[in-house]
Each structure stands twice: as C-alpha cells, then as structure tokens.
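This report describes one protein chain from its computed geometry. The sequence and the model come before the text.

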Amino acid sequence: MTTPPALLIAGHGTRDDAGAEAFRAFVRELGRRRPDLPVAGGFIELSPPPLGEAVAELVRRGVRRFAAVPLMLVSAGHAKGDIPAALAREKERHPGLTYTYGRPLGPHPSLLRVLERRLAEAVDPSWDPAEVTVLLVGRGSTDPDANAEVFKAARLLWEGRGYAGVETAFVSLAAPDVPSGLERCARLGARRIVVLPYFLFTGILPDRVRTQTEEWAAAHPDTEVRSADVIGPEPELLDLVLERYEEAVRGDLRMNCDSCVYRIALPGFGDKVGLPQQPHFHPDDDGHHHGHGHGHAHSRSHAH
C-alpha cells in the first residue's frame, strides 16, 4: 500500500499567544483525526514554530513528500506568494523533497454554517433575522482580489438566511474600516447590528474589531450592537482542511487566477505582475536545522 503524502499546515502568525496556541492545538487535533498521516504546522512570520521548522520535523520523521494547505480564508499575498516561496526554499534545503500546494479555505458552505452559528450565539433568540444587519469584518489586504473574496463571503452569508443585510468592512489595510462599516449599516436604517469577525482564531486583529465595535456602540446608544465570536476550531474547519489536503494530493486545485494581481494588470497594481516570490523572514528560522540552501527561493511562478 502506498503511503499517503504528509500534511503541512501553513499559518500566517500572530503576536497573540492565545491565537498562536489555537493554531498549534488545531494542528495537533488534525494529527489525532488522521493518525495515518504525519501532520505538522508552522508560521510564515511572527509566531513559533516557523514553517521551515515544521518541514524539518516532517523530514526527520522520514517524510519525502507532503501536501501543504494554507490555513487562510482568502487568497492574498501570503497564500499567493509568501508560502509558495517558503516551500520552494524548503525544497532547496532538503534535496529530494517533493510537495503539492493546496488552495486557501474560501467561503466554503461549511464555514458559512459556522458563521451562521456564531450569529445565532450573539443575538437575542427573540430577534427576527429580518431586523438584524450583519457587518462581516475581514482582515483586509493590499490585494483587491482578497478583499473581493470577503465581499463574496458576505453575499453568500446573506443569501437565503433572511437577514436585513450583510455589509462588509476590514480591520486593516483596506476600506471601509469598522467604524465606517457600522456607520453605513446605521445609515441604511439598521437598529440591530451584529459584528461578525471573519477570522479563524482569536488574535490581536479580532480583539481590535471588538474594541472598535464597543467604542462605536458607546457613541451610538440608539443602535443595539452585538459582537460575535471568531470561527474557531470547529469540526467543519477540520473537515475542510482535510478536504483541501485531498484536493492537493489529487492535483484538483481549481485556483482562481482571473483577478490575481500577479497575473493580471489590475488598475493601480500593474507593478505587481510577474513579481518573484519572496519568503517572509522569520526570526526563529536561522536556516541551521537542515544543512542545505541559503534563503530566497528562485521561482518566479506564483501559486496557481
């Protein structure tokens, strides 16, 4: 029987210890779910362990091939460039190592169901959904394609669920910001608003969303505002990551390149077309755990 490829989970990283530990616990749970697979996970920046250390761990366990899944909701620069560049670097560090690369999670129906649960937990059971406006808050990116994916998630969450509306905002790097998103909801007539963070785990940015929400609510006492929780390590998330793993193993990736700034000259982003991939610098990755390679990847093709 052929041994299946190992599973490598690639995370962004956070300065929030609880958020980083939530990621590490999630990776451990994946390993318990699939005892037939070597499973490891690492970050591209900010948090230990670095992605290179996770790959080295797999190599020490005898792994020669793996499938990498980015634990990210949208396909922004990290998923399109930083992680592929880091993986290319690891291939140089470990001659003979091969891998396939999966796609980000996206607004999958199972995650939309989790978001719906988070909304139900946040509202009063007596509230009519038709009187509730939702503000879905994403991380925000300099990549317009990634920001558009958050709007897509908002629209899919709205469809068929009976809310008064689902608006969109971002906590960093993109407009509208959280206060502007709440103001838009109010101007559209909302009297009950639930702010829903479009994040997998706790961290500095979800905490910032909650703080900004509370500040806006205090200044607008006529509007009832509730804060929902992040998605969290729900069974649906575990199932979806394994689904993305199976896709990568089969080579069934179905990447959407139609609006990728690295392939298409979108207005204001023409300088990004064809940029080489560069891995993030991770302070915990000193490059000495492997004995091969030196730093940047040489590939110029992006993760599509």
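## An aromatic pair

Phe170 is buried, with a relative accessibility of 1%; buried means under 20% relative accessible area, exposed over 50%, and partly exposed in between, with a 1.4 Å probe and protein chains only. Phe151, at a relative accessible area of 42%, is partly exposed. The model is a predicted one, in which local features need pLDDT of at least 70, side-chain atom pairs count only at pLDDT 80 or more, and totals for chains, interfaces and linings use all residues. Residues are numbered from 1 along each chain as its sequence is written, and side-chain values use heavy atoms, with hydrogens and water left out.

Four aromatic pairs are found in a search of the whole structure. Rings of Phe, Tyr and Trp (its six-membered ring) pair if their centres lie within 6.5 Å; planes under 30 degrees apart count as stacked, over 60 as edge-to-face and the rest as tilted. The pair of Phe151 and Phe170 is tilted, because the ring centres are 6.0 Å apart and the planes stand at 45°. Phe151 belongs to helix 5 (residues 144–158) and Phe170 to strand 6 (residues 165–170), so the pair ties together parts that are 19 residues apart in sequence.

## Overall composition

The protein has eight helices and eight strands. These are DSSP runs numbered from the N terminus: helices are H or I with at least four residues, strands are E with at least two. Of its 304 residues, 52% count as buried. The accessible surface comes to about 13800 Å², and carbon and sulfur atoms account for 52% of that surface; the areas come from the Shrake-Rupley method with a 1.4 Å probe, and for residues only the protein chains shown count as cover.

Contact means heavy atoms within 4.5 Å. Among contacts between residues at least 6 apart in sequence, 78% join residues at least 24 apart.

An open sheet is formed by four strands in the order 2-1-3-4, with parallel pairing; two strands pair if DSSP finds at least two bridges between them. Strand 2 (39–43) and strand 4 (98–101) are the edge strands, each pairing on one side only. From one strand to the next, the twist averages 25°. Angles run from 0 to 180 degrees between N-to-C directions, and axes are lines fitted to C-alpha atoms, for helices over the stretch in contact.

Strand 3 (residues 65–70) runs parallel to strand 4 and is joined to strand 4 by four bridges. Phe66 has Tyr99 of strand 4 as its bridge partner. Five bridges pair strand 1 with strand 2, also in the parallel sense, and Leu7 stands opposite Val39 in strand 2. The chain passes from strand 1 through helix 1 to strand 2 in a right-handed β-α-β crossover; right-handed means that, with the strands pointing away from the viewer, the path from the first strand over the helix to the second runs clockwise.

## Cover of strand 2

Five of the five residues of strand 2 are buried. Val39, Gly41 and Phe43 lie on one side, Ala40 and Gly42 on the other, and both faces are covered. In a regular strand the side chains alternate between the two faces of the sheet.

Helix 1 (residues 17–33) lies across strand 1 (6–11) and strand 2, at about 165° to strand 2. Helix 2 (residues 51–60) lies across strand 1, strand 2 and strand 3, at about 160° to strand 2.

## Ala22 in helix 1

Ala22 is found in helix 1 and counts as partly exposed at 22% relative accessibility. The C-alpha atoms of Ala22 and Gly232 are separated by 8.3 Å, although the two residues are 210 residues apart along the chain.
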